[in-house]
Amino acid sequence: MLDKQAPLAIGCAPDGLPFHIYTLENENGMRVQMMDWGATWLSCQVPVNGNLREVLLGCQPDDYPKQTAYLGASIGRYANRIAHAAKLGLSPNQGEHQLHGGALGWDKVRWKLKDFSEHSLCFCHFSPHGDQGFAGEVNVTVTYTLEQDNSLVVTYSAHNQQDTPLNLTNHAYFNLQDSKNGCDVRQHFLQLNADQFLPVDGQGIPNAPLKSVQRTSFDFRTEKPIQQDFLKEEQLLTKGYDHAFLLNQEHNKPCAILTSPDRALRLEVSTSQPALQVYTGNYLAGTPTRNGGQYADYSGIALETQALPDTPNHPEWWQYGGMAKAGSHYHHWTRFKFVL
C-alpha cells in the first residue's frame with residue numbers, strides 16, 4: 001500500500017512550492033504518476049515482455065512550466081481553440097484566438113489533492129468568475145483510476161454557476177515504442193471510429209462544416225499506418241494531423257486504437273465525449289525530454305477526447321457539448337486501456 005501522506009515533493013513550481021508527485025500501481029506492475037501542478041499525467045509505464053515500457057512523452061518537473069506542448073496536462077475551461085476570443089469577452093493567447101483556456105488555463109495552476117488511495121487519485125480546482133474571461137464560478141475535479149486490466153480511467157466532473165463554455169481533456173502524448181527518445185510516431189498504426197472530421201485553417205480554427213472522411217487522408221475507419229496518407233489535403237495547412245473527429249456514439253467500442261510499430265502493445269481509447277482531437281505532435285521540436293534531451297516533431301501523438309473546437313462560435317455544434325448551462329453537472333470519462 002502506498003503511503004498516502006508522503007507524495008514525492010520535488011523542484012519548485014511557479015507558486016514557490018514544490019511539485020507533488022503521486023504514484024499508482026496495479027497488480028500487474030503497471031505504474032502511473034500524476035502531479036498536482038496542472039493535474040498532470042506525468043508517466044505511464046506498462047509491463048511489456050517482462051519490462052516496463054514508458055508510453056508517455058514527458059520532461060523533468062522543473063521543465064513543465066517552461067514547455068509549451070501541454071504535456072499530459074488537464075486542459076480547461078475550454079480545450080482546443082476559440083476563435084476571435086475578445087469578441088466573446090475571453091482572453092486571447094494565440095494571436096486573436098484563445099487556446100486551451102488562455103494564458104493561465106488550468107494546466108498552469110496547482111490543483112488540490114482531494115483523495116488518494118492505492119489505485120485512485122482525485123484533484124480538485126476552483127475557477128472564479130472572470131477566469132480568463134469566462135463567466136461564472138466552476139468547481140472541477142479530475143479522478144485518475146488505475147484498474148487491474150491495465151486501464152487508466154480519467155474522469156472530469158464540474159459544477160458551473162453560470163452559462164459558460166466548458167470542455168475538458170487531458171493532453172497526454174503517446175509513443176508506444178520509444179517515448180524516452182521519441183521515435184517517429186508516424187510509424188504507429190491508428191484506427192478511429194469516426195465518419196466525419198472538421199477541416200481547419202493554418203491556426204487550427206474551423207473553416208468549413210464537418211466533412212466525411214470517405215476517400216480522404218482522414219479515413220482511419222480501417223487501421224493504417226499514420227504515415228500512409230500523411231501531409232495530404234487539409235493536413236498541409238497544419239503540418240500534419242491536428243483535427244477533430246466526430247465520434248460514432250458506440251460507447252461499447254473503442255473510439256481509437258493505437259498500435260506500436262513492433263505490434264507488442266496496443267492502446268484502446270473509449271470515452272463519453274463526442275469528439276477526438278488527433279494531433280501528431282507537429283510542433284514538438286525543442287520540447288524537453290526526461291533525460292535532458294529534446295523531442296523532435298512527430299515524437300508523440302495526442303488523442304484528446306473533447307467537444308468540437310470553437311463550439312462557442314458555432315451554435316450548430318452545441319448539440320455535441322462544450323456549452324454548459326447554469327447549474328448543470330458536467331461529467332465525462334475516458335478510458336485508456338493498454339493491451340499486450
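**Salt bridges and cysteines in the predicted model**

At 38% relative accessibility, Asp15 counts as partly exposed, a class that lies between buried (under 20% relative accessible area) and exposed (over 50%), as computed with a 1.4 Å probe on protein chains only. The structure is a predicted model, in which local features need pLDDT of at least 70 and side-chain atom pairs count only at pLDDT 80 or more, while totals for chains, interfaces and linings use all residues. Residues are numbered from 1 along each chain as its sequence is written, and side-chain values use heavy atoms, with hydrogens and water left out.

Arg110 lies in the loop between β8 (98-99) and β9 (112-116), and Asp15 in the loop between β1 (8-10) and β2 (19-25), so the pair ties together parts that are 95 residues apart in sequence. The strands named here are DSSP runs (E, at least two residues), numbered from the N terminus.

Across the structure, the count comes to 18 salt bridges. Among them is the pair formed by Asp229 and Lys224, whose closest N and O atoms are 2.6 Å apart. Both partners are buried, Asp229 at 14% relative accessibility and Lys224 at 6%. Another salt bridge brings together the side chains of Glu268 and Arg266, with 3.0 Å from N to O. Here Glu268 is buried, at 16% relative accessibility, whereas Arg266 is partly exposed, with a relative accessible area of 29%.

A search of the whole structure finds 0 disulfides, a disulfide being a pair of cysteine sulfur atoms within 2.5 Å. Cys122 is in no disulfide, and the nearest cysteine sulfur, which belongs to Cys124, is 6.6 Å away. Cys122 is also buried, with a relative accessible area of 11%. For Cys183, the closest cysteine sulfur is that of Cys44, and the separation of 16 Å is too far for a bond.

Technical notes: A salt bridge is a side-chain nitrogen of Lys or Arg within 4 Å of a carboxyl oxygen of Asp or Glu. Helices (H or I, at least four residues) and strands (E, at least two) are DSSP runs, numbered from the N terminus.
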